[in-house]
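Open your viewer and get ready to select residues. We will take the stops one at a time.

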Amino acid sequence: AYGAGGLVGNNREARISNSRASGSLNLAGNNLNLGGLVGRNYLGELTNASSSASVSGSGRGGYRGGLVGLNEDGTLNNVAAHGKVSGNGTGAIGGLVGRNLRGTLRNGSASGNVEDTGSLYVGGLIGHNQQGKMNNLLASGNVLGGRNAYVGGLIGFNEGGSLFNASAQGAVHANGALALGGLIGKNDKGSIDNGSASGDVSDAAARYLGGLIGHNIGGAHRNLSASGNVFGGTNLHVGGLIGLNENGSLLNASAKGNVGANGAESLGGLIGKNLKGSLTNVSASGDVIDRNGRNLGGLIGASEQGSITNARAYGKVSSMANASRLGGLIGYSSDSLITNTSASGKVSGGLGAYAGGLIGMLESSGRVINSSASGEVEGGASSNVGGLVGINYGSIDNASASGKVTSNQGLALGGLVGMNL
């Protein structure tokens with residue numbers, strides 16, 4: 001691969017400081033590393049560097065960035081990019097850096113829009129980050145990705161990288177992405193401390209869609225928030241903060257945006273599906289609505305083998321799908337421990353629904369301790385409706401419900417539990 005940049009094509013083990021570039025770079029070529037300032041930075045150091053150049057061109061493979069195309073074991077200090085970055089099938093594309101491979105980034109920002117509907121990795125700041133260490137990051141441009149891609153307002157795919165003080169403000173959109181998030185499309189065993197996203201997120205066909213992270217695997221994360229609305233369609237898992245959380249640990253996390261879809265498997269105000277994840281001090285306040293959704297919760301759509309402690313949900317939850325599972329906090333809970341939680345939003349289900357003020361369906365291996373629900377709960381014909389739990393196969397200790405419970409020709413109706421088995 002070769003490099004082309006507004007200042008330097010290939011920077012190898014050299015220092016560049018107090019430099020900037022402007023204008024426009026439009027180059028075609030496969031496997032081209034193209035950057036507004038530097039095409040490829042290998043073991044080099046850039047300090048107080050910026051570019052306002054727009055970066056574009058055709059060609060497959062390679063990496064494109066508003067400042068650096070490929071940063072390989074390099075260090076970037078106090079850097080910024082302001083130009084639009086676009087491509088058509090780039091290997092990875094980002095508002096600041098296309099691909100960051102084991103690089104260090106301190107105080108980096110990008111404000112230009114990023115567009116590539118053919119790239120695998122698309123990010124407002126970095127397309128693909130592999131084992132890079134970064135702090136004080138900001139991306140404010142809008143991001144547009146394509147099918148089968150990882151798309152994020154800050155990073156498309158974060159692979160084992162650590163982030164401290166990272167935020168994204170732009171809207172993020174695609175149509176059929178593998179994972180799409182307001183901050184990160186997919187996070188694989190990376191850690192995030194103080195991460196936020198405020199832009200709206202939308203993809204009618206993404207597998208995993210989240211206001212902050214589309215798909216999270218592992219990692220210990222603290223102080224996370226998302227405030228944008230999340231719009232999905234026939235997705236697998238959609239969440240106000242995270243679409244799918246696998247084995248991830250979250251401490252102090254919140255989501256404020258509304259979450260909507262049309263036929264998603266799991267939809268939650270905070271997390272669509274929580275699989276073996278640990279959540280502590282978390283909340284969601286947005287409404288969760290999917291007329292054809294299966295598992296819906298004010299906080300979590302579905303939780304399996306998870307732990308949820310000190311959690312609150314305030315938004316209303318609604319689905320008219322047959323046999324949907326809806327809860328003010330969690331729609332479906334299996335083998336999960338739920339402690340010190342509450343929900344206050346109205347829960348509305350249709351024909352054959354399992355609707356609960358706190359949990360729609362609590363499986364035999366699930367347990368609820370010191371929890372309450374105060375929202376109204378309603379269901380359609382042949383539904384199981386409870387002020388706390390719609391249908392219970394599990395264990396409930398020291399719990400209460402105070403909301404009105406109604407059903408039109410329901411199968412089971414209870415102030416605390418609709419059906420207890």
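Is Phe157 buried or exposed? Select Phe157 and look at the space around it: this residue is buried, with a relative accessible area of 7%. The cut-off for buried is under 20%, so Phe157 qualifies. Keep in mind that you are looking at a predicted model.

**Stop 1: the ring cluster**

Keep Phe157 selected. Together, Tyr121, Tyr150 and Phe157 form one aromatic cluster. Three aromatic pairs are counted in this model.

Look at Tyr121 and Tyr150. Their rings are stacked, 5.9 Å centre to centre, with 15 degrees between the planes.

Check how covered they are. Tyr121 is buried, at a relative accessible area of 14%. Tyr150 counts as buried too, at 15% relative accessibility.

Now turn to Tyr150 and Phe157. Their ring centres are 4.9 Å apart and their planes are at 50 degrees, so this pair is tilted.

**Stop 2: a charge over a ring**

Select Arg325 and Tyr332. What sits over the ring of Tyr332? The charged end of Arg325 does, 4.0 Å from the ring centre.

**Stop 3: parallel strands**

Select strand β15 (residues 104–110) and strand β19 (residues 133–139). They run parallel, and six bridges join them. For one example, pick Arg106: its bridge partner in β19 is Asn135.

How many bridges pair β19 with β23? There are six, again in the parallel sense. Pick Met134 next; its bridge partner in β23 is Leu163.

**Stop 4: the nonpolar cores**

Go back to side chains. Select Leu154, Leu241 and Leu299. These residues have the most contacts inside the largest nonpolar core, which has 60 residues.

Then select Val55, Val151, Ala174 and Val230. They are among the members of a second, separate core of 36 residues.

Technical notes
Residues numbered from 1 in each chain as written. Predicted model: local features only at pLDDT ≥ 70, side-chain atom pairs only at ≥ 80, totals over all residues. Heavy atoms only, no water. Phe/Tyr/Trp six-rings, centres within 6.5 Å; stacked < 30°, edge-to-face > 60°. Buried < 20%, exposed > 50% of the residue type's maximum accessible area, 1.4 Å probe, protein only. Lys NZ or Arg CZ within 6 Å of the ring centre and 35° of its normal. Pairing = 2+ DSSP bridges. Helix = DSSP H or I, 4+ residues; strand = E, 2+ residues; numbered from the N terminus. Core = buried A, V, L, I, M, F, W, Y, C linked by side-chain atoms within 4.5 Å.
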